[in-house]
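Please look over the sequence and the 3D structure below before reading on. The report after it is meant for someone who is meeting this structure for the first time.

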Amino acid sequence: MLHVFRHEIRLIFRDPKFWIPFIIPPVILAASQGIAVSRYGGQIMEGMEGYMMLLLGCLMAPMGSPLAGDSFAGERERNSLELLQLSPIKPSTLFWGKLLAILPFPVVFSLLAQSAYWLAHPDIPAVAAVASILGALSAVLLTTAFSLMLSLRVKTVRAAAHISLFLIVPLLLLVQMFHEVFLQGLLLPVLTLAASVVLCAVSVSFGLRRFVSL
């Protein structure tokens, strides 16, 4: 498993285009906030910092979709999936090695982006900041699991990436509608993270079964 993990990490670092999605959301959000403040004054952002921090984390979550899409759909597109399955490495080891190589990227970048935003806006209450981080982690788990399932079913990386990026729309709607309730305490964020862990575990279990049966 460690060998597969290292191999996947090397492939990711070799291709710079996979880094672009992790850079775009923070830049766009910072630019839009800067434009709003310069045009309407700093008062427009009063009380919105927690919402913006949660929004930033959720925008970063689907950015790991291209990596997840390339994990299996890419192997199929390059006609190397069958060769992997014929290798002496167990299918479960291949599956977990690929998954563990994907998951750290959206998690780390989301945490870094939110931590930087919190440092830049120290007036954000600790409860709202922690709730935002938990919400982002929940979004990362759900989007990564969904993208992984797509990668096992579709035939091309482009199809997997495009379909999985549609998750941005419901994520934005959920943040827009429920951010006030979500950021008021930690009970709802903790429950959301727990539900995300369960759903992610179920998705990964089904994905592993499908990969073994391919």
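**Overall make-up**

The model shown here is predicted. The protein has 11 helices and zero strands, and from the N terminus on its elements run α-α-α-α-α-α-α-α-α-α-α. Of the 214 residues in the protein, 45% are buried.

| Helix pair | Angle between axes | Distance between axes |
|---|---|---|
| Helix 3 and helix 8 | about 20 degrees | 8 Å |
| Helix 7 and helix 8 | about 160 degrees | 10 Å |
| Helix 3 and helix 7 | roughly 160 degrees | within 9 Å |

Helix 3 covers residues 49–60 and helix 8 covers residues 126–153, and these two helices pack at an angle of about 20 degrees. Angles under 35 degrees count as roughly parallel, and helix 3 and helix 8 are therefore roughly parallel to each other. Their crossing is right-handed.

Helix 7, which spans residues 104–120, packs against helix 8 at an angle of about 160 degrees, with the two axes 10 Å apart. That makes helix 7 roughly antiparallel to helix 8, and helix 7 passes helix 8 in a right-handed crossing.

The remaining pair in the table joins helix 3 and helix 7, whose axes come within 9 Å and cross at roughly 160 degrees. Angles over 145 degrees count as roughly antiparallel, and helix 3 and helix 7 are therefore roughly antiparallel to each other. The crossing of helix 3 and helix 7 is right-handed.

Leu-99 lies in helix 6, which runs over residues 91–102, and with a relative accessibility of 8% Leu-99 counts as buried. Leu-99 and Ala-68 are 31 residues apart in sequence, and from C-alpha to C-alpha they are 7.8 Å apart in space.

Is Leu-188 buried, exposed or partly exposed? Leu-188 is found in helix 11, which covers residues 187–213, and with a relative accessible area of 37% Leu-188 is partly exposed. Leu-188 and Leu-134 are 54 residues apart in sequence, whereas in space the distance from C-alpha to C-alpha is 9.7 Å.

Which residues make the nonpolar surface patch of about 510 Å²? The patch is made by Val-169, Leu-173, Leu-174, Met-177 and Phe-178. Leu-174, one of these residues, is found in helix 10, which extends over residues 168–182. At 46% relative accessibility, Leu-174 counts as partly exposed, because partly exposed residues fall between the 20% cut-off for buried and the 50% cut-off for exposed.

Key: Residues are numbered from 1 along each chain as its sequence is written. This is a predicted model: local features need pLDDT of at least 70, side-chain atom pairs count only at pLDDT 80 or more; totals for chains, interfaces and linings use all residues. Side-chain values use heavy atoms; hydrogens and water are left out. Patches are made of residues with over 30% relative accessible area and no salt bridge: like charges are joined within 9 Å, nonpolar side chains (Val, Leu, Ile, Met, Phe, Trp, Tyr) within 5 Å. Accessible areas come from the Shrake-Rupley method with a 1.4 Å probe; for residues, only the protein chains shown count as cover. A salt bridge is a side-chain nitrogen of Lys or Arg within 4 Å of a carboxyl oxygen of Asp or Glu. Helices (H or I, at least four residues) and strands (E, at least two) are DSSP runs, numbered from the N terminus. Buried means under 20% relative accessible area, exposed over 50%, partly exposed in between (1.4 Å probe, protein chains only). Axes are lines fitted to C-alpha atoms, for helices over the stretch in contact, and angles run from 0 to 180 degrees between N-to-C directions. Angles under 35 degrees count as roughly parallel, over 145 as roughly antiparallel, 65 to 115 as roughly perpendicular and the rest as oblique. A crossing is left-handed if the near helix is turned anticlockwise from the far one by less than a right angle, and right-handed if clockwise.
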